[in-house]
2 protein chains.
Amino acid sequence: MPTSFAPLKNDTFLRALMRQPTEYTPLWLMRQAGRYLPEYCATRARAGSFLGLAKNPDYATEVTLQPLDRYALDAAILFSDILTVPDAMGLGLYFADGEGPKFERPLRDEKAVMALRAPDLGSLQYVFDAVTQIRTELNGRVPLIGFSGSPWTLACYMVEGGGSDDFRSVKTMLYNRPDLMHHILRTNASAVADYLNAQIDAGAQAVMIFDTWGGALADGAYQQFSLDYMRDVVGRLQRDKDGVRIPCIVFTKGGGLWLEQIADIGADAVGLDWTVNLAQARARVGDRVALQGNLDPVILFANPDQIRSEVAKVLESFGAPQAGAGHVFNLGHGISQFTPPEAVSVLVDAVHEISRNMRG
Amino acid sequence: MPTSFAPLKNDTFLRALMRQPTEYTPLWLMRQAGRYLPEYCATRARAGSFLGLAKNPDYATEVTLQPLDRYALDAAILFSDILTVPDAMGLGLYFADGEGPKFERPLRDEKAVMALRAPDLGSLQYVFDAVTQIRTELNGRVPLIGFSGSPWTLACYMVEGGGSDDFRSVKTMLYNRPDLMHHILRTNASAVADYLNAQIDAGAQAVMIFDTWGGALADGAYQQFSLDYMRDVVGRLQRDKDGVRIPCIVFTKGGGLWLEQIADIGADAVGLDWTVNLAQARARVGDRVALQGNLDPVILFANPDQIRSEVAKVLESFGAPQAGAGHVFNLGHGISQFTPPEAVSVLVDAVHEISRNMRG
């Protein structure tokens, strides 16, 4: 591990997360290193497979930096898979052709659940090596975000054995055997906290917890089975590294109804999907947290004028920046693999230009 | 069309929708006539196909009544497909094996959109015949609900040509060519209103508008492209038939953040999915509308004690019934085809028994 990295040239993203004044609204895009970029597809082809790409620090570094070479994005995010932690727990992550992630050994019964153990972090060294290498090669251009899936979101894949339309297996366990579900979630929360702390040790300058499937839970179940465990993770995170604050972002897709509660778990910022009105969200959370979001990714299929117009709507919805408020522009979900790359240029320029003008 | 039907023996459902006192909380289940019932599967096998079932009034009547023979449900809902209207517009509805609905002629370009016309209601006569036949055979046991997809939800299928993960085609049209999208939605709204009014003429005693995909829209776009057109439909509905009030329910899945606005379009009741806290929802809408929902359908895979416990939570969340409040118990989404039929007995008995005791 290097003892020092290059000083940060653009800290706009970190300042926005900490609700400090910025000259413009910083932005990055969920899944910004991805299949919409031809150079990503070329690297992936050389790597031979998605896991071959994600598990190789050289390739992971290469694709993490690709969108930054094209666009004036204000943060980089570690390229990795959301399921590295359960893979390291021995569940056997694999990708079937044309399908999403799957596990060879999902948690289908009590015996499998009770055998679950937090992973040896050594088996995730490839992730931490990638973090250090990316941070080094970024050379201070923008901050590097580390990330993990939330304990609940990991549990969904671990019990279902892959994606799901209705989360029938994992929810049946939740309702029928809450003791087993809590055992999984406790194990996951501890593993996720250790995993994020090791990313911070390796060089991550902010961390994000993706609760992709929290919005599939009923009110009540969400608080008990997703939010409480994210609170646990946030409470275990190192928040300062060598005297520098490491901000933490939490994002429950479909969680807009629970915004006040999400804002209370101790994170610096809350991610929002596109169903949430930013002005109302800001009124609901006050100065407790910064907000990150929330353009509908499909807007990137529209023409440049429409993209600019929708960017302006999002910025105006958040409203004039002022002391104590922080906004990081993002999509409300990952960028589509079919996005025309030139639309992202329009988006990035529009966010920077319009938000600078709003600060007049 | 018969000039009179048998008098209603159980009007609990209608009274709850009109926020009048009831002896217990009435319930019905979205998709209650469906594949989880072996007798439904038997009828469908005889019909040869889903469309053969849905388009034949005898079969439609038979499957509509099946769940009422098993369970003490408080309403029947017309068995039909959500896409009958665009099918009658000439888009060519079909079902590929093991897949959802598809259209042979989706609205992919300006020419196709501008050629769209409201359907000849005569081509939907099989639906109205089914309504009259079901109402006759119900013989006053419980009220019959008619339904339609919302203008936006129909448009999603009409432009995408089937189901979608990201609604990329329909949203791209929405952002790039709002004029074309509004043309589709105006046409749909007019057709949906005519369709529901004809169902009311044929014997439907309440109507429901399913906005299954409204929750896929961004804040702002939802109001403009889904809610405004549902308001238009509600405004065109006949609300009294032969001196009897015909209540109207609207349901946007994933629309919990917009509840106040949905409650203001003139409907009698608003459906809620399971992410919404009923106590908070009731505080937000006051006495403007009744509420319908909102058990997570996956709870029907749990054991009887858990089902009863979760039913109690939903009923207690709505709170003590009192003047001006109305609650119709339902799932937050359609019942899963994998639901054990005996779980529905537990549910129905629990709702009736616990809600009677709450009034005790």
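The model is predicted, so local features need pLDDT of at least 70 and side-chain atom pairs count only at pLDDT 80 or more, while totals for chains, interfaces and linings use all residues. Residues are numbered from 1 along each chain as its sequence is written, and chains are lettered from A and ligands numbered from 1 in the order in which they are written.

**The interface**

- On the two sides, 29 residues of chain B are in contact with 29 residues of chain A.
- The elements of chain B that give two or more residues to the side touching chain A are α9 (168–176) and α14 (304–318), helices being DSSP runs of H or I with at least four residues and strands runs of E with at least two, numbered from the N terminus.
- The most is given by α9(B), with five residues.

**The sheet of chain A**

- Seven strands of chain A form an open sheet in the order β1-β4-β5-β8-β9-β10-β11, with parallel pairing; two strands pair if DSSP finds at least two bridges between them.
- Because β1 (76–77) and β11 (327–331) of chain A stand at the edges with a single partner strand each, one side of each is left without a neighbour in the sheet.
- Strands β8 (residues 248–252) and β9 (residues 269–271) of chain A run parallel and are joined by three bridges, and A:Val250 has A:Val270 in β9(A) as its bridge partner.

**A loop residue in chain B**

- B:Asp109 lies in the loop between β3 (101–103) and α6 (110–114) of chain B.
- B:Asp109 counts as exposed because it has 12 C-beta neighbours inside 10 Å, the class being exposed at 12 or fewer, buried at 20 or more and partly exposed in between, counting other C-beta atoms within 10 Å.
- The C-alpha atoms of B:Asp109 and B:Leu180 are separated by 9.0 Å, although these residues are 71 residues apart along the chain.

Key:
Two residues are in contact if their C-beta atoms, placed from the backbone, lie within 7 Å.
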